[in-house]
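Please read the following points alongside the sequence and the coordinates.

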Amino acid sequence: MSLFEKASYKIAGIILLLIITAGIGVYYYLNSMQEPEQEIPFTEPEPVIVKEYGLPVDSFSIVRGKIKQGQNFSLILQDFKVTGALIEKIVRCADTILDLRKIKAGKKYTAFCANDSTNKLLYFVYEQSPAEYVMFNLNDTINVIKEQKEITTKEISASGTIKSSLWKTMQDNDINIEVAILMSDIYAWTIDFFEIQNNDKFKVIFEEQFVDTISLGISKIIGACFTHNGKDYYAFPFEQNDKIEYFDEHGKSLRKAFLKAPLKFFRITSKFTNARLHPVLKAYRPHHGVDYAAPVGTAVHSIGNGKVITAGYQGGAGNMIKIKHSNNYITSYMHLSGYAKGIKIGASVSQGQIIGYVGSTGLSTGPHLDFRVYKNGKAVNPLKMESPPAEPVNNSNRVQFENMKHKIIKQLDRIPVL
């Protein structure tokens, strides 16, 4: 390498070193121009105050219990060393709010005592129901108030595939069993729940009310679809003529002149036939009715509005009720264990009204209801009887109904079938 080349490499190295040094200097200069980061002062998080009945639980020594059989209000307060004179004042103060002589065994109470050596009872709460309670303030001025806990309404979607019965499927899928009862009422004119089959399906949207984690029950069914024998039966609640009723997707009322069955959730043991071996007489004879097996005492409902024309013991039929309906229909209910209050000849009954109770009177081998229907004096098969529907959605309400229906169908379509 020539002397000139060596000099050139040396000069290039010096220039590179100067550039790097200058870059480092600029970097530190720019950093020095920035404002120093400010330290964020540490603040303690605000403590979470847990309250029950509006009282901070950490401020008291709390005793919880249930009213025992035979235990009265005075005895409970005496356990907390409340004097007889003070108990008398409390009873007088509570007189207009709660009859303390009628507190019930099994009801919950909570005592809020001073969190010190005195352990003095300061507040006493008696729960009349999961939602309502009475609070006794035993501080300087005695005060008794009735309050209600906050009620939360949740919209819940559920579904299921029938494997044995609607009731059992609801239980297996952890659905409030009250939903089954309401659905059976809604579809009472459309689906015979004694005839539902394995692999029938349902989807339902409902509102359930809660206090804390305790269910107060189902407030309403928002929409439902029950698939029976491959056919979808929709139900949509709609208010018309100041009354909420359920309609199908065509706006036809699900309510009809007659219910599909006079009982709920029990099995058919014998159907309408012209030749059945009688279980007692051991002879073949017509059985122009439907036998529903059910425990003694199960409520029997009239399938329609009408007037009682028979109510009494009728030989082999046992205790029997006959009801005359419009359009020359008569229904009979046999082998009853007894009659509901007010059921006598001439009494008017409404659709769904309890008229009697399942029994085994007359020629009967076990508790069941023998149910029969006659039109113009001729027996008809209750399981195949057609019943005209009630008033459909009015034309003036049609647009509103259609909008509501499409919204609910979209919600139902999103529910997976379990």
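1. Helix H3 (84-94) has buried residues that pack against H2, strand E6 (132-137) and strand E7 (143-148). Helices and strands here are DSSP runs (H or I of at least four residues for helices, E of at least two for strands), numbered from the N terminus, and contact means heavy atoms within 4.5 Å. The buried positions in H3 are Ile87, Ile90 and Ala94, and they lie on the same side of H3 because they cover an arc of only 60° around the axis, the arc being that of the directions from the helix axis to the C-beta atoms. Buried is taken as under 20% relative accessible area, exposed as over 50% and partly exposed as in between, with a 1.4 Å probe and protein chains only. Ala85 and Arg92 are exposed residues on the face of H3 turned away from its buried side.

2. As to provenance, this is a predicted model, in which local features need pLDDT of at least 70 and side-chain atom pairs count only at pLDDT 80 or more, while totals for chains, interfaces and linings use all residues. Residues are numbered from 1 along each chain as its sequence is written, and side-chain values use heavy atoms, with hydrogens and water left out.

3. For the chain as a whole, the secondary structure comes to 6 helices and 24 strands, and 41% of the 418 residues are buried. Of the contacts with a separation of 6 or more, 62% are between residues 24 or more positions apart. The protein chain exposes about 24,800 Å², of which carbon and sulfur atoms supply 53%; the areas come from the Shrake-Rupley method with a 1.4 Å probe, and for residues only the protein chains shown count as cover.

4. Strand E4 (residues 108-114) is mostly covered, with 6 of its 7 residues buried. It pairs with strand E3 (residues 60-66) in the antiparallel sense over 7 bridges, where pairing requires that DSSP finds at least two bridges between the strands, and Tyr109 in E4 is the bridge partner of Gly65. E4 also runs antiparallel to strand E5 (residues 121-127), to which 5 bridges join it, and here Thr110 has Val125 in E5 as its bridge partner. The hairpin of E4 and E5 has 6 residues between the strands, and within this hairpin Asn119 takes a positive phi near 55°.

5. Lys81, in the loop between helix H2 (73-79) and helix H3 (84-94), has a positive phi of about 60° although it is not a glycine, and at 75% relative accessibility Lys81 counts as exposed. Asp212 is found in the loop between strand E9 (201-211) and strand E10 (214-228); its phi is likewise positive, near 60°, and Asp212 is exposed, with a relative accessible area of 59%.

6. Which residues does Asn397 contact, leaving aside its neighbours within four places in sequence? They are Phe238 and Gln240. Asn397 is in the loop between strand E24 (378-380) and helix H6 (398-413), and counts as buried because its relative accessible area is 18%.

7. Pro295 lies in the loop between strand E16 (290-293) and strand E17 (299-301) and is partly exposed, with a relative accessible area of 44%. Although Pro295 and Leu369 are 74 residues apart in sequence, their C-alpha atoms are 9.8 Å apart in space.
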